[in-house]
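This report is written for a reader who is meeting the structure for the first time. It begins with the nonpolar core and then turns to the aromatic rings and a strand hairpin.

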Amino acid sequence: MAGPQTKFHAESACAAPAREVWKLLYDPVRFSRWWPGWERIEPGEGSALTHYDARWPDFAYPATVSSEPSTGRVVVSCLLSDIVHTWSIDPAGGGCQISVEVTIPVAEADRAADAADVVRQALAALVSEAEAALEAMPGAGSYQSGLRDSSQAPTGAGHAPRSGRRHDL
């Protein structure tokens, strides 16, 4: 995406292993379990899909979703607004660290605050879903998670790419 952009970043520790989070994150049909605004999903060809928000059930949002298990990344691109969500999972101890960076083009900057709120809700719900699955596993112990976020001013500069870390998802 070219031109000035607003970026928002949020991250959270999760007690669930990266593999459990990956199960919820890589498959767009599962987004409805944790991502507000993704109440109905219709898969399309290849990485294309259409999602529907319960607030406007007849309005289609075309998007693409690409996932790369070797890096623990999922990129969700809205084809209407050009807003891009880049989700990442990094193993950490017995759990993982989940992060999301949202890139919002300047033409959509007025939606940045709402997008940040939805991302915080989605991240918290993703952690909750994954940890609930962990708690349901035999021998699961107690856990704690922490949520952090930060916003960046509009910038044309890109975010530094992650290293070529390999994940066993």
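In this predicted model, the largest nonpolar core has 37 residues, and those with the most contacts inside it are Val21, Trp34, Trp87 and Ile98. Several elements each supply at least two residues of this core, namely the helices α1 (18-25) and α2 (112-136) together with the strands β1 (5-14), β4 (56-68), β5 (73-78), β6 (84-92) and β7 (95-105). The largest share, ten residues, comes from α2. As a general background, nonpolar side chains in soluble globular proteins tend to be buried together.

Helix α2 has 25 residues and reaches 36 Å from its first C-alpha to its last, which is close to the 36 Å expected at 1.5 Å a residue. Its buried residues are Ala112, Ala115, Ala116, Val119, Ala122, Leu123, Leu126, Val127, Ala130, Glu131 and Leu134. An α-helix has 3.6 residues a turn, so residues three or four places apart point the same way.

Which residues does Trp34 touch, not counting residues up to four places away in sequence? Trp34 touches Leu24, Leu25, Trp87, Gln121, Ala122, Ala125, Leu126 and Glu129. Of these, Ala122 and Leu126 are also among the buried residues of α2.

Trp34 and Trp87 belong, with Phe31, Trp35 and Trp38, to a cluster that is linked by ring pairs.

| Pair | Centre to centre | Angle between planes | Arrangement |
|---|---|---|---|
| Phe31 and Trp35 | 5.2 Å | 50° | tilted |
| Phe31 and Trp38 | 5.1 Å | 80° | edge-to-face |

The pair of Phe31 and Trp38 is edge-to-face because its planes stand at 80°, and the cut-off for that class is over 60 degrees. Phe31 and Trp35 are both buried. With a relative accessibility of 0%, Phe31 counts as buried, and Trp38, at 5%, therefore counts as buried as well, since the limit is under 20%.

Strand β2 (residues 40-43) and strand β3 (residues 48-53) run antiparallel and are joined by four bridges. Four residues lie between the two strands of this hairpin, and Gly46 in the turn has a positive phi of about 60°. Arg40 stands opposite Tyr52 in β3, and Arg40 also lies over the face of Tyr52, at 3.8 Å from the ring centre.

Technical notes. Residues numbered from 1 in each chain as written. Predicted model: local features only at pLDDT ≥ 70, side-chain atom pairs only at ≥ 80, totals over all residues. Heavy atoms only, no water. Phe/Tyr/Trp six-rings, centres within 6.5 Å; stacked < 30°, edge-to-face > 60°. Buried < 20%, exposed > 50% of the residue type's maximum accessible area, 1.4 Å probe, protein only. Lys NZ or Arg CZ within 6 Å of the ring centre and 35° of its normal. Core = buried A, V, L, I, M, F, W, Y, C linked by side-chain atoms within 4.5 Å. Contact = heavy atoms within 4.5 Å. Expected span 1.5 Å × (residues − 1). Pairing = 2+ DSSP bridges.
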